[in-house]
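Biologist: Can you walk me through this one? I'd like to hear about helix packing, then the ligand.

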Amino acid sequence: MAGRLDVVVVGSGPNGLAAALTLARAGLSVQVLEAQPHLGGGARTADLGLAPGVVHDTCSAVHPMAIASPFFRRFDLRSRGVRLVAPDASFAQPLPDGAGVAYQDLARTAAELGPDGDAWLEVFGPLVEHADDVVELILGDHRRVPRSLTTAVRFGLRALEQGVGPLWNRRFRSDAAPALLTGVAAHSITPLPSIAGSGTALLLGTLAHAVGWTVPLGGTQAITDAMVADLLAHGGEVRTDHPVRTRADLPPARAVVFDTVPATVAEVMGSRLDRRIARGYQAYRHGNGATKVDYVLSAPVPWADERVRAAGTVHVGGTRAEMVAAEHALTQGRHSEHPMVLVSDPAVTDPGRVAADGNRPLWTYAHVPAGSRVDMTEAITAEIERFAPGFRDVVVASQCVPAARLELHNANYVGGDIAAGAVTLPRMLGGPALTWDPFVAGDGVYLCSAAVPPGPGVHGMGGWHAARRVLAQVGIHRPPDLAP
Ligand SMILES: Cc1cc2nc3c(=O)[nH]c(=O)nc-3n(C[C@H](O)[C@H](O)[C@H](O)COP(=O)(O)OP(=O)(O)OC[C@H]3O[C@@H](n4cnc5c(N)ncnc54)[C@H](O)[C@@H]3O)c2cc1C
């Protein structure tokens, strides 16, 4: 591209691509610079060479927000040929004497939760009924009055109840429902209970019942491929193997949008940042980590409770008290004896993921202290075996990427922190520095990664919100249509 660009986007994760394609569609010249040899950041699928015909989602695997987020609703993955399919059972929590299962069907979920069915309905019923308002509330830029104050108050009260120790068990009488809720809260990798954790649980739980926890047929890569195709079709350019470390790595442009951690913006842009923002970025805290283990299995996981076999995602952590202990260990820098493990067998929802010889992928990760170098293969295997006796017998191959190595594949995952920052309420609402607009880092400098609201996840909203600010800078106040 000759001459000065309108916009350079640093990083090609879902937020970077969302920003880039929005800006390209508005008629701006856009170039995406990506450090890795491939595009997509946390939204990729790859052949790890473990077994013929078996591919693995290298980071994200399960995508309720790829259906529900306002950005993806506009972008409309389905009409671009990405087939997003939901399992009947969004997620499950195996327990020593059974399991809790969250079906897309809220009534069935409540019916199977027995004595706590009504409590589950009370927590989720009104939120599921107004799921669009919940999405707008949580995935918005948190800079305007919510569309529905009633939903905001309902959500807030439930988040408070499930995020504060003395309150959170009051509603429940058995083990399954509180464990089921805590398994989702644990996605935030924070000490539990916490408001950040309960907010995460309420959003993801609402989506589980409202739209289901979908997977794209063939794997997460389909989402990235659709976004890259759209960007290129609208004149955007991409360069891989191009890490941006200093300002010299950037071509001249009117605006730079960073899909990176805040520290990178501070390092690269230096004096172009407001001093207060630069200080906030440098002091930005990262959270504990995840160690990934990808398996190849010769058969589905033999979960003891057969209902768990139908779930797209399984939270392996035992009871609420066990998960609290596991997450507490991380705060002390320890590996828990029973770590929190997230498991997804994509072939439960997408039988096309089973190879010709019957082998299938299993995606797992365990929560570990930041920077852990421990190979968690045996620990994860043992945790799954606890609730699925015979699991070891179906394991054909596996590969572990310890937390400390995740950032070699994606600089945003510092020390294995897959949320690009500790998940706390101030960060989720306000962003990485004390400032009114977390998407604006300085004059012509923007931040769009998971470090800004609405935080982690494949929703593209950080990119969408940042792109709106860039458009305003160049005098475009109406965002472009994103429809295919
Ligand atoms: C193991 C794991 C499991 C997950 N599971 C899920 C899930 O199931 N569902 C879900 O919704 N989310 C999940 N997530 C989270 C989700 O992947 C991220 O929140 C999301 O990808 C964030 O998007 P992003 O665009 O902000 O950044 P990323 O997707 O992290 O992309 C950032 C990109 O910027 C590039 N980059 C960074 N620094 C530079 C630099 N200096 N120069 C050039 N390029 C740079 C990186 O290489 C990367 O490509 C998971 C994440 C991990 C790691």
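**Helix packing and the ligand shell**

Modeller: In α6, A131, V134, V135, I138 and L139 meet L203, T206, L207 and A210 of α10. Contact means heavy atoms within 4.5 Å. Helices (H or I, at least four residues) and strands (E, at least two) are DSSP runs, numbered from the N terminus.

Biologist: What should I know about the model and the numbering?

Modeller: This is a predicted model, where local features need pLDDT of at least 70 and side-chain atom pairs count only at pLDDT 80 or more, while totals for chains, interfaces and linings use all residues. Residues are numbered from 1 along each chain as its sequence is written, and side-chain values use heavy atoms, with hydrogens and water left out.

Biologist: At what angle do α6 and α10 pack?

Modeller: About 145 degrees, for α6 (residues 131–139) and α10 (residues 195–210), with the axes 10 Å apart. Axes are lines fitted to C-alpha atoms, for helices over the stretch in contact, and angles run from 0 to 180 degrees between N-to-C directions.

Biologist: Is the crossing of α6 and α10 left-handed or right-handed?

Modeller: Left-handed. That is, the near helix is turned anticlockwise from the far one by less than a right angle; right-handed is clockwise.

Biologist: And how do α1 and α19 cross?

Modeller: At roughly 35 degrees, and the axes of α1 and α19 (residues 461–473) come within 7 Å. The crossing of α1 and α19 is right-handed. On the α1 side are N15, A18, A19, T22 and L23. They meet M461, G462, G463, W464, A467, V470 and L471 in α19. By class, that contact has eight nonpolar, four polar and no charged residues.

Biologist: Switching to the ligand. Which residues come nearest?

Modeller: N15, E34, G42, D259 and G457, of 36 residues around the ligand. A residue is near if one of its heavy atoms lies within 4 Å.

Biologist: How much of the ligand does the protein cover?

Modeller: 94% of the 1,000 Å² of accessible area that the ligand has on its own (Shrake-Rupley, 1.4 Å probe).

Biologist: Which elements give two or more residues to the shell?

Modeller: α1 (14–25) and β14 (360–368). The largest share, three residues, comes from α1. By class, the shell has 17 nonpolar, 16 polar and three charged residues.

Biologist: Where are the cis peptide bonds?

Modeller: One joins L192 and P193, with omega about 0 degrees. P193 is in the loop between α9 (176–185) and α10. The bond from P453 to P454 is cis too, with omega near 10 degrees.

Definitions and conventions. Nonpolar A, V, L, I, M, F, W, Y, C, P; charged D, E, K, R; others polar.
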